[in-house]
Amino acid sequence: MQDDAARTRLQDQLTRALPDIVILWCDAEHPVDEMIAQAMRSSPTLLIACGGDGTINVVATAVVGTEIVLGVLPGGTLNHFAKDLGIPTDLEQAVLVLAHGTPRLVDVGTVNDHIFLNNAGLGLYPEIVRRREAHQRRGIAKWPAATISAIRALLRYRELGIRLRTRTTTLLRRTPALFVGNNEYSNHDSLKPSRDSLTSGKLSVFIPRARGRMQLLWFTLRALVGNVRDDAGFELLLLERFTTEAKHSLAHVSIDGEVVKLHTPLEFASRPGALRVMAPVAAEVPADATGDTHTTTSG
């Protein structure tokens, strides 16, 4: 959050709702990893992240598998995780969830030693994200940069040869992309993707069948907003864990919108109930009792 007035307004809202809060702002001189490490030294019971899905992922990585509760303030463009938790996109309303919500247990997905709250991808999708980030660094706005990147990546794309192994079977596929969701994305007739559950303990694995460039363009633009669904354009698998093998020793993988380079083979798995998160009282995920909360925020 770069706007000083917006920061001041959010800080006032947080301190009114949570009087014992400690607020740490991230910027170029104080990166998010540094602020998280500082916050963790105070042994918080609630660690709040304000930002987009990538920022939320970084903070979630610090607290996953612990007793610390993750607080989410949606401050990005898409805010998939917050929306699927039922957290309002209006920050003032989201602050009230932090003060009056209920700690819940939700699943995370993992690929090698990285977690993802929403999705991970191989092939065409991370290539588009990498190109988009390069355009943004040159001053182009996010969505024009994404569109330009999608078109240019499609002109040069190559299909992946993937061997996907589960405990019981091996699948061989040639595909331009592999998209893995944390839980199942709903098959609703809507341009807004969503998940009905964050606690099924499953990964949804989408393998596009598209071969023509226009079909692939439609797939990648949908994937950029997380909108992959079970339809004729995809093969869908629901798995608890699987391994992908490829001919290269390193692979670019998109994780909640950020691209990392990982060694292959890639081990994907669901970690059921691994993350405690503050959610609205009416959220339909299993509740988990916690003690009194001392609050720290990063973002």
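Student: What makes a nonpolar core, and which residues touch the most other members of the largest nonpolar core?

Tutor: A nonpolar core is a set of buried Ala, Val, Leu, Ile, Met, Phe, Trp, Tyr and Cys residues joined through side-chain atoms within 4.5 Å. The largest nonpolar core holds 41 residues, and Leu 70, Val 72, Leu 73, Phe 81 and Leu 275 touch the most other members. Strand S2 (residues 46-51) gives the most to this core, with five residues. Apart from this core lies another, of 21 residues, including Val 111, Val 205, Ile 207 and Leu 239. This is a predicted model, in which local features need pLDDT of at least 70, side-chain atom pairs count only at pLDDT 80 or more, and totals for chains, interfaces and linings use all residues.

Student: Which residues does Leu 70 touch, not counting residues up to four places away in sequence?

Tutor: Contact means heavy atoms within 4.5 Å. With residues up to four places away in sequence set aside, Leu 70 touches Leu 46, Leu 47, Ile 56, Val 59, Ala 60, Val 63, Phe 81, Leu 275, Arg 276, Val 277 and Met 278.

Student: Why is S2 called mostly covered?

Tutor: Buried means under 20% relative accessible area, exposed means over 50%, and partly exposed is in between (1.4 Å probe, protein chains only). Six of the six residues of S2 are buried. Both faces are covered, with Leu 46, Ile 48 and Cys 50 buried on one side and Leu 47, Ala 49 and Gly 51 buried on the other. In a regular strand the side chains alternate between the two faces of the sheet.

Student: How do you know that S2 and S3 pair?

Tutor: Strands (E, at least two residues) and helices (H or I, at least four) are DSSP runs, numbered from the N terminus, and two strands pair if DSSP finds at least two bridges between them. S2 and S3 have six bridges in the parallel sense, so they meet this rule. In S3, Leu 70 is the bridge partner of Leu 47.

Student: Why is the pair of Phe 116 and Phe 268 called edge-to-face?

Tutor: Rings of Phe, Tyr and Trp (its six-membered ring) pair if their centres lie within 6.5 Å, and planes under 30 degrees apart count as stacked, over 60 as edge-to-face and the rest as tilted. By this rule there are four aromatic pairs. Phe 116 and Phe 268 lie 6.5 Å centre to centre with 70 degrees between the planes, so the pair counts as edge-to-face. The pair links distant parts of the chain, with Phe 116 in strand S5 (residues 114-116) and Phe 268 in strand S15 (residues 266-279), 152 residues apart. Ring pairs link Phe 116, Phe 242 and Phe 268 into a cluster.

Student: Is Phe 116 buried or exposed, and what about Phe 268?

Tutor: Phe 116 has a relative accessible area of 0%, so this residue is buried. Phe 268 also counts as buried, because its relative accessibility is 2%.

Student: What makes the contact of Glu 67 with Arg 276 a salt bridge?

Tutor: A salt bridge is a side-chain nitrogen of Lys or Arg within 4 Å of a carboxyl oxygen of Asp or Glu. The closest N and O atoms of Glu 67 and Arg 276 are 3.5 Å apart, so the pair meets this rule. The pair links distant parts of the chain, with Glu 67 in the loop between helix H3 (53-63) and strand S3 (69-74) and Arg 276 in strand S15, 209 residues apart. Glu 67, at 59% relative accessibility, counts as exposed, whereas Arg 276, with 14%, is buried. The structure holds six salt bridges.

Student: How do you know that Arg 195 forms a salt bridge with Asp 84?

Tutor: The closest N and O atoms of Arg 195 and Asp 84 are 2.7 Å apart, and therefore the pair qualifies as a salt bridge. Both Arg 195 and Asp 84 are buried.

Key. Residues numbered from 1 in each chain as written. Heavy atoms only, no water.
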